[in-house]
Amino acid sequence: MNDRVIPFVDVSLTGKEKEAVIEVIESKRLIEGKYSKEFEEKFKAFTGVKNAITCANGTAALHLAMEAVGLKPGDEVITTPFTFIATSNSILFVGAVPKFVDVQSDTWNLDPEKVEEAITEKTKAIMPVHIFGLPADMKAFRDLADDKDLILIEDAAQAHGARIDGVHAGNFGDIATFSLYATKNLISGEGGVVVTNNEELAEKVESLKNHGRTLEGGYKHVRVGFNYRMTDLQGAIASVQMDRISELLEKRSKNAEYYRKIIDEIETIDYQHIPKGFTHADYIFAIDTRNSSIKPKEAVEKFKEHRVMARPIYATLSYQQQNFVNIKEWRWSACVNYPDYTKIHCPISEKIGPNHFEIPVVPSLTQEERERVAHAIQGIFGKS
Ligand SMILES: Cc1ncc(COP(=O)(O)O)c(C=O)c1O
């Protein structure tokens with residue numbers, strides 16, 4: 001019997017990543033090259049998006065997307081407060097104004113109807129996040145963006161493997177970003193990818209991530225750019241991981257399905273509901289305690305007794321974070337009118353935030369471990 005404490009993060013590497021990294025070191029060509037390019041080809045084939053551009057991390061990918069679509073200081077970008085802080089920070093980077101709109105109670109994703117109501121003449125873009133790997137309602141957002149002539153940006157950092165009617169996340173927006181951070185479904189340690197079906201945006205991102213150079217390289221700089229390149233050490237890990245993505249996703253899905261069946265039997269707890277035709281990428285499996293008297297802090301302690309790691313995630317919403325409370329300290333406040341974020345309220349997000357926590361869904365779980373997690377869920381929340 002395996003007696004490990006069941007982790008919610010367990011980086012899955014085989015000897016092949018090591019071999020590939022050693023090959024890069026031995027080649028002495030550490031900068032972006034063979035493997036990062038190979039990874040981009042594999043990622044395009046996997047997602048079906050025409051262009052994939054690697055970069056240093058998911059936050060850099062978001063920043064590149066904001067720059068590429070041409071957001072200007074004062075432009076409003078509508079997004080969700082129920083996400084990692086990088087989503088809204090990237091809007092702040094370019095002087096644009098995050099406008100937080102509430103999520104749907106069942107999917108925990110940005111609500112298209114509420115977004116429509118929130119659009120003003122200052123709105124330039126909509127940025128849904130596929131939270132925990134469940135796609136946002138991208139068909140509704142695409143229609144809305146087309147109808148109102150807005151840019152649609154997908155924060156797909158958590159969504160490798162997420163699909164709607166078989167179409168992979170990243171194909172719905174004008175531009176989309178993924179993270180390859182070490183905990184994600186697909187990893188390179190630190191790393192990111194920008195994807196787009198728009199050739200012009202792809203060329204801009206390629207240039208922006210490389211000091212605003214022309215695509216021929218050399219020392220011609222046609223725009224203000226950054227150094228957001230990834231190294232080929234990261235590229236090597238990502239490329240090898242790509243070959244195992246289906247297997248890794250299947251394992252996550254098997255774990256999540258197992259938990260959903262257990263939770264279906266317990267009246268007081270729930271999970272993200274998956275709309276018909278949507279494929280959850282199962283990056284994070286979170287339990288919803290809105291209707292339970294047992295709250296995340298207590299539950300996490302009890303999971304520990306079962307040797308299962310669990311943790312609350314976005315208990316603090318983005319607009320409740322100190323960087324938004326103190327937005328006047330941000331340099332763009334000198335010339336951009338930010339709202340008083342302490343006055344913003346998204347009631348559903350405010351309920352879900354402190355009422356959810358993560359349990360392990362990592363690919364390495366064995367049947368015995370899945371059962372141990374299930375047993376813990378039943379023991380803590382009781383069968384109805
Ligand atoms: C929704 C979301 N957006 C953006 C990011 C930023 O990605 P990175 O950590 O690679 O910078 C993350 C990373 O965790 C994320 O979860």
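## Report on the fold

Of the 384 residues of the chain, 50% count as buried, a residue being buried if 20 or more other C-beta atoms, placed from the backbone, lie within 10 Å of its own. The structure is a predicted model, in which local features need pLDDT of at least 70, side-chain atom pairs count only at pLDDT 80 or more, and totals for chains, interfaces and linings use all residues. Residues are numbered from 1 along each chain as its sequence is written.

The chain holds 13 helices and 13 strands; these are DSSP runs numbered from the N terminus, with at least four residues (H or I) for a helix and at least two (E) for a strand. Its radius of gyration is 21 Å, close to the 21 Å that the globule rule gives for 384 residues, so the chain is as compact as a globular protein of that length. This radius is taken over C-alpha atoms, and the rule is 2.2 Å times the number of residues to the power 0.38. Along its principal axes, the C-alpha trace spans about 65 × 55 × 40 Å.

Seven strands form an open sheet with mixed pairing, in the order β1-β9-β8-β5-β4-β2-β3. Two strands pair if DSSP finds at least two bridges between them. At the edges are β1 (51-55) and β3 (97-100), each of which pairs on one side only. Strands β2 (residues 76-79) and β4 (residues 123-127) pair in the parallel sense over four bridges; Val77 has Ala125 in β4 as its bridge partner.

Contact requires C-beta atoms, placed from the backbone, within 7 Å. Angles run from 0 to 180 degrees between N-to-C directions, with axes as lines fitted to C-alpha atoms, for helices over the stretch in contact.

| Helix | Strands touched | Angle of directions |
|---|---|---|
| α3 (residues 58-68) | β1, β5 (151-155), β8 (175-179), β9 (192-196) | about 165° with β8 |
| α7 (residues 199-208) | β1, β8, β9 | about 15° with β1 |

Which residues come nearest to the ligand? Of the 15 residues around the ligand, they are Gly58, Thr59, Phe84, Ala157 and Ser179; a residue is near if its C-beta atom, placed from the backbone, lies within 6 Å. The elements giving two or more residues to this shell are α3 and α4 (86-93), and the largest share, three residues, comes from α3.

Terms used: Buried ≥ 20, exposed ≤ 12 C-beta atoms within 10 Å, placed from the backbone. Contact = placed C-beta atoms within 7 Å.
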